[in-house]
Amino acid sequence: MTVHLPNPATEDCRNLSSILALVGDKWTVLIVVLLGDGPKRFNEMKRMVGGISQRMLTFTLRGLERDGLVTRTVFPTTPQRVDYELTQLGSTLWKAVEPLGSWARAHVTEILSSRKQFDEKSAAHSARSIERTHRGSPSYSGRR
């Protein structure tokens, strides 16, 4: 199979790149997955998405709204209530990223285990490298 990449100097390529960058952003994917089962309030999403700042959530939601993926509905209540919901276009994105979210949930234990093993091996390798480096120095005594 041959993949034909567009010329990076063209406007089409730049537009496509900007859209893929948005879709590839971790916060965008998480928010789209959250909104997949219906409208949510700002603070509700903030609680559900651990680690996201208020500023980043606002920025991400505005970007999704600008791109026509999310609608923002303000209700005239006191205090003011604002709901965010996927548009029809946003729902098509949800259909594309939801399997990725499902895959991540299904394999999180395996991936975390693999990361731990890798980090332990890397730490042991680094310790051995440091010890070999110090053996050649005049102040190395061989004691630990």
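Reply: In this predicted model, 3 strands form an open sheet with antiparallel pairing, in the order E1-E3-E2. Strand E1 (40–41) and strand E2 (70–75) stand at the edges with a single partner strand each, so one side of each has no neighbour in the sheet. E2 pairs with strand E3 (residues 81–86) in the antiparallel sense, over 6 bridges. Within this pairing, Val 70 lies opposite Leu 86 of E3.

Helix H2 (residues 26–35) packs on the sheet and touches E1, E2 and E3. The direction of H2 makes about 95 degrees with that of E3. H2 is mostly covered, with 7 of its 10 residues buried. These buried residues are Trp 27, Thr 28, Val 29, Ile 31, Val 32, Leu 34 and Leu 35.

The buried residues in question are Leu 57, Thr 60, Leu 61 and Leu 64. Seen down the axis of H4, they fall within an arc of 95 degrees, and therefore line one face of the helix. On the other side of H4, the exposed residues are Arg 55, Phe 59, Arg 62 and Arg 66. The length of H4 can be checked as well: at 1.5 Å a residue, its 13 residues should span 18 Å, and the end C-alpha atoms are 18 Å apart, which agrees. After H4 comes Gly 68, with a positive phi near 80 degrees.

The setting of the sheet within the whole chain remains to be described. The protein chain contains 5 helices and 3 strands, and along the sequence these follow the pattern α-α-β-α-α-β-β-α. Of the chain's 144 residues, 21% count as buried. Among contacts between residues at least 6 apart in sequence, 41% join residues at least 24 apart. The accessible surface of the protein chain comes to about 11,000 Å², and carbon and sulfur atoms account for 57% of this surface.

To return to the part requested, the sheet has E1 and E2 at its edges and E3 between them in the order.

Conventions. Residues numbered from 1 in each chain as written. Predicted model: local features only at pLDDT ≥ 70, side-chain atom pairs only at ≥ 80, totals over all residues. Heavy atoms only, no water. Pairing = 2+ DSSP bridges. Helix = DSSP H or I, 4+ residues; strand = E, 2+ residues; numbered from the N terminus. Contact = heavy atoms within 4.5 Å. Axes fitted to C-alpha atoms, helices over the stretch in contact; angles between N-to-C directions. Buried < 20%, exposed > 50% of the residue type's maximum accessible area, 1.4 Å probe, protein only. Areas by Shrake-Rupley, 256 points an atom, 1.4 Å probe, with all protein chains shown as cover. Expected span 1.5 Å × (residues − 1). Arc of directions from axis to C-beta.
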